[in-house]
Protein chains: 2
Amino acid sequence: MSTDLQFQARESIEQVEECTGLAPKFGPDGLMPCITTDAESGEVLMLGWMNAEAFRLTIETGEAHYFSRARQVLWHKGATSGLVQKLVEARIDDDQDALWLRVAVDGSGASCHVGYRSCFYRAIPHGPQAGQALSFVEDHKTFDPVAMYGDAPNPTQL
Amino acid sequence: MSTDLQFQARESIEQVEECTGLAPKFGPDGLMPCITTDAESGEVLMLGWMNAEAFRLTIETGEAHYFSRARQVLWHKGATSGLVQKLVEARIDDDQDALWLRVAVDGSGASCHVGYRSCFYRAIPHGPQAGQALSFVEDHKTFDPVAMYGDAPNPTQL
C-alpha cells in the first residue's frame with residue numbers, strides 16, 4: 001500500500017485554522033485522537049488513536065485504520081471481526097490535532113470489542129443524580145466477543 | 001464547589017467493562033479525551049480534555065468543564081463566550097478512558113473558538129480524492145472571534 005498523502009509543515013495559526021492544507025499535529029506519543037460515528041445514526045461508536053501511517057491509510061483506502069495502544073501495532077479495524085468501517089466523510093478540527101470519521105460499518109454494525117454497538121454503552125448520571133450507578137444504554141450485545149475473538153488478549157488495560 | 005464524586009479503583013477488566021461503577025482512567029498527563037456532540041443534531045462539536053477535577057465538576061454541575069492544554073488551567077466552557085454547554089447525557093466508554101457528552105449549547109449554538117459551530121468545519125477528501133484540498137463544511141462563522149475574545153491568546157498551538 002503506498003502512503004503518498006502529503007502533510008504540510010505547521011507554520012502559522014491562520015494556516016492551520018483557516019486554510020485548506022492538511023497540516024496535522026500528532027501528540028508527543030505520535031498519536032492523534034479520532035472520533036468515529038455511525039454516518040447514518042450519528043451515534044459515537046468509539047474513540048480511537050491514529051499514528052501518521054494509520055491516518056494516511058485511512059484517507060487513502062477509505063477504511064478506518066487505527067494504532068492499537070494496547071498492542072502497539074497498526075490496526076485495520078475489522079480485519080479480525082469483519083466489522084470494517086467504511087469512510088463516508090473524514091473531518092479534521094480547527095487546530096488539526098483531532099479527527100472525526102463518519103463511517104458505515106459492515107456486518108452487525110457493531111464497533112466495540114465488548115460486543116456492544118457503541119463503546120459508549122453506559123451513561124453517567126449527572127447533576128442531582130451524580131454519584132449514582134452507571135446505567136446501560138444498550139440492552140444487549142450484538143455479538144459474542146468470545147466467539148468472535150477467541151483467545152485474543154482483551155485490549156482493555158487497567 | 002464540592003467535588004464529592006467518588007471514583008472506584010480499577011481492579012479487573014470485567015469490573016471496568018461490565019459493571020456500573022465509575023472507574024475512569026486518565027492518561028500519563030492526567031487527562032482524558034472527551035467527545036462533545038450537539039444533543040439535538042448529533043454533530044460533533046469538539047474534542048476536549050478533562051482532568052479529574054474537570055470530570056467531577058462536569059458531572060456534578062451538569063455543565064461541561066475541560067482542562068485547557070494550551071493555558072494549563074481548568075476551563076468552564078462558555079465562561080468567556082457565554083456558549084455554555086449543558087449536559088443532556090454523559091457516557092463513558094468500555095475501558096473507561098474516554099467520555100462522550102451530549103450537550104445543549106446556549107446562545108448561538110457555536111462551540112469553536114474560530115467562530116464556527118463545530119470545531120470540525122473542514123472535510124478531508126478520501127479514497128480516489130485523497131490529497132485534494134480540504135473543503136469547508138460550514139460556509140460562515142456564527143460569531144466574530146475577535147469581537148468575542150478580544151486580545152485573549154489563541155489556544156491553537158503549532
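In strand β2 of chain A, A:Leu47 stands opposite A:Ile35, and that pair is where I'd like to start. The partner strand here is β1(A), and six bridges join the two in an antiparallel run. Two strands count as paired if DSSP finds at least two bridges between them. The strand and helix names are DSSP runs numbered from the N terminus, with at least two residues (E) for a strand and at least four (H or I) for a helix.

Before going on, a word on the model: it is predicted, so local features need pLDDT of at least 70 and side-chain atom pairs count only at pLDDT 80 or more, while totals for chains, interfaces and linings use all residues. Residues are numbered from 1 along each chain as its sequence is written, chains are lettered from A and ligands numbered from 1 in the order in which they are written, and side-chain values use heavy atoms, with hydrogens and water left out.

Back to our two strands. β1(A) and β2(A) make a hairpin with five residues between them, and in the turn A:Gly42 has a positive phi of about 85 degrees. On which strand does β1(A) find a parallel partner? That is β6(A), residues 99–105, joined to β1(A) by five bridges. There, A:Cys34 is opposite A:Leu99.

How many of the residues of β1(A) are buried? Seven of the seven are, so the strand is largely enclosed by the rest of the structure. Buried means under 20% relative accessible area, exposed over 50%, and partly exposed in between, with a 1.4 Å probe and protein chains only. In a regular strand the side chains alternate between the two faces of the sheet. In β1(A), one side carries A:Met32, A:Cys34, A:Thr36 and A:Asp38, the other A:Pro33, A:Ile35 and A:Thr37, and all are buried.

Now the helix. In α2(A), residues 52–61, the buried residues are A:Ala54, A:Phe55, A:Leu57, A:Thr58, A:Ile59 and A:Glu60. They pack against β1, β2, β3, β4, β5 and β6 of chain A, where contact means heavy atoms within 4.5 Å. Just after the helix, A:Gly62 takes a positive phi of about 75 degrees. Over in chain B, the buried residues of α2(B) include B:Phe55 and B:Leu57, and they pack against β1 to β6 of chain B.

Six strands form an open sheet in the order β2(A)-β1(A)-β6(A)-β5(A)-β7(B)-β8(B), with mixed pairing. Its edge strands are β2 of chain A and β8 of chain B, each pairing on one side only. Inside that sheet, β5(A) and β6(A) run antiparallel, joined by seven bridges, and A:Gln85 is opposite A:Val105.

Another open sheet of six strands runs β8(A)-β7(A)-β5(B)-β6(B)-β1(B)-β2(B), again with mixed pairing. At its edges are β8 of chain A and β2 of chain B, each with a single partner strand, so one side of each is left without a neighbour in the sheet. The step from one chain to the other is the antiparallel pairing of β7(A) with β5(B), over two bridges. Here A:Ala123 stands opposite B:Arg91.

That brings us to the interface. 66 residues of chain B are in contact with 66 residues of chain A. Together the chains bury about 5500 Å², 61% of it on carbon and sulfur atoms; buried area is the accessible area (1.4 Å probe) that two parts lose on being put together, summed over both. In chain B, B:Arg122, B:Ile124 and B:Leu158 lose the most area to chain A, together 13% of what that side buries.

What about salt bridges across the interface of chain B and chain A: how many does the rule find? It finds four, taking a side-chain nitrogen of Lys or Arg within 4 Å of a carboxyl oxygen of Asp or Glu. A salt bridge also joins the side chains of A:Lys141 and B:Glu18, at 2.7 Å from N to O.
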